[in-house]
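Subject: Structure handover

Hello,

Please find the structure below, followed by notes on what was found in it.

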Amino acid sequence: MEFATRAVHAGLEPDPAFGSVIPAIHQTSTFRQRGVGQYVGEFDYARSANPTRAALESALGELEGGRAVAFSSGLAAAHAVLTHVCRTGDHVVLPADLYGGTYRLVHNVLAGWGLRYELVDQTDLEALAAAVTDETRLIWVETPTNPLLNVVDVAAVIARKRNALVVVDNTFATPFNQRPLEDGADVVVHSTTKYLGGHSDVVGGAAIARDDALYEGFKFVQNAVGAVPGPFDCFLVHRGLRTLHLRMAAHAENAAAVVAALRELPGVRDVRWPGFSGMVSFGHPDAVGIAERVRLFTLAESLGGVESLIEVPQAMTHQSVEGSAAAVPADLVRLSCGIEAAADLVADLRAAIAGD
Ligand SMILES: Cc1ncc(COP(=O)(O)O)c(C=O)c1O
């Protein structure tokens with residue numbers, strides 16, 4: 001079936017007890033056992049498994065084309081993937097611009113346990129090929145990148161992977177626009193906090209594997225480390241998925257209108273938009289002033305909700321890359337275009353850039 005149909009129905013089976021169209025939120029920490037070791041399915045304790053979480057995992061797996069494991073945040077998902085796949089001394093390739101928190105996880109946490117990493121501009125395929133050796137265990141791809149919105153050719157990365165696993169952070173594109181597992185990537189990770197949840201009311205993450213062994217590994221880490229999302233959070237992300245296709249189309253339409261207006265405005269340079277999704281970035285000498293003057297856009301970190309957000313990455317989401325090779329320009333403004341009326345978003349930006 002087509003994506004819209006799958007988005008609406010994925011992971012939802014009517015409740016077997018009452019027939020409720022939307023299954024219950026199983027707000028429980030544990031499950032009664034009829035006899036020792038006699039419990040329903042995999043549900044013995046809610047860190048190990050919970051039916052509300054299982055429904056979300058089934059939906060995420062279906063939409064990405066793999067098997068999903070849900071986590072309490074996008075970074076918890078990234079941590080599970082990296083710690084399951086890599087060991088002390090392993091070499092990983094990271095993008096030269098990426099979400100600051102992913103860099104911080106590798107640089108400040110995992111490098112302390114002996115993980116070696118290298119930042120590579122993955123749009124430069126020669127540089128990528130030169131960086132990947134037979135010892136490279138994992139190539140971390142983020143496409144489009146946060147915050148510069150560079151688009152990486154996932155198939156070209158896979159063609160140069162040698163022995164490495166290819167992991168794609170699909171947070172900015174979502175499976176509506178891009179399904180890396182279908183292109184041959186090994187793992188997709190998400191911050192479900194963003195477009196998948198879609199309403200800025202939940203923090204969550206997921207790792208989705210193409211093969212069963214990786215899936216089992218992530219599931220083991222989910223239980224062994226315990227960074228699990230609560231049932232209500234799973235319910236919210238799952239509800240968000242059901243309108244993903246409509247929201248992503250509206251986000252892109254608004255981003256296109258915003259981009260067309262920005263390109264005509266004085267002082268604006270380097271307007272970036274990958275041609276899909278609602279993420280836009282641009283340079284302006286008064287980046288901070290614009291972010292503080294807007295009235296409809298909300299000055300806040302994060303992205304992917306129905307309401308429009310604005311931020312200055314260098315001072316906000318990307319402080320952890322300051323001084324590194326992944327540092328971002330100080331004059332960069334990042335927009336997450338929501339699904340309000342495009343004309344209102346454009347008018348707000350026009351006024352803020354004019355200094356009103
Ligand atoms: C591309 C990307 N990946 C991962 C994350 C981390 O997700 P979370 O904040 O849910 O831990 C973010 C958060 O901004 C992000 O933008």
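In what order do the 5 strands of the open sheet stand? The order is E8-E9-E12-E11-E10, with mixed pairing. Please keep in mind that this is a predicted model.

The sheet and the helix on it

Strand E8 (269-272) and strand E10 (298-299) are at the edges of the sheet. Each has a single partner strand, so one side of each has no neighbour in the sheet. E8 runs antiparallel to strand E9 (residues 279-283), and 2 bridges join them. In this pairing Arg269 is opposite Gly283 of E9. Helix H10 (residues 244-262) packs on the sheet, where it touches E8, E9 and strand E12 (332-336). The direction of H10 makes about 15 degrees with that of E9.

H10 and H12

H10 also packs against helix H12 (residues 342-354), at an angle of about 35 degrees and with the axes 9 Å apart. The crossing of these two helices is right-handed. On the H10 side the contact is made by Glu253, Asn254, Ala257, Val258, Ala261 and Leu262. H12 contributes Ala342, Leu345, Val346, Leu349 and Arg350. By class, the residues in the contact of H10 with H12 are 8 nonpolar, 1 polar and 2 charged.

H3 and H8

The second pair is helix H3 (residues 74-85) and helix H8 (residues 212-225), whose axes come within 9 Å and cross at roughly 115 degrees. Angles of 65 to 115 degrees count as roughly perpendicular, so H3 is roughly perpendicular to H8. The crossing of H3 and H8 is right-handed. From H3, the residues involved are Ala80, Val81, Thr83 and His84. They meet Gly217, Phe218, Val221, Gln222 and Val225 of H8. The contact of H3 with H8 has 5 nonpolar and 4 polar residues, and no charged ones.

The ligand site

The ligand is surrounded by 15 residues. The closest are Ser73, Gly74, Leu75, Tyr99 and Ser191. By class, the shell is made up of 9 polar, 4 nonpolar and 2 charged residues.

Regards

Terms used. Residues numbered from 1 in each chain as written. Predicted model: local features only at pLDDT ≥ 70, side-chain atom pairs only at ≥ 80, totals over all residues. Axes fitted to C-alpha atoms, helices over the stretch in contact; angles between N-to-C directions. Helix = DSSP H or I, 4+ residues; strand = E, 2+ residues; numbered from the N terminus. Parallel < 35°, antiparallel > 145°, perpendicular 65-115°, else oblique. Left-handed = near helix turned anticlockwise from the far one by under 90°. Contact = placed C-beta atoms within 7 Å. Nonpolar A, V, L, I, M, F, W, Y, C, P; charged D, E, K, R; others polar. Pairing = 2+ DSSP bridges. Near = placed C-beta within 6 Å.
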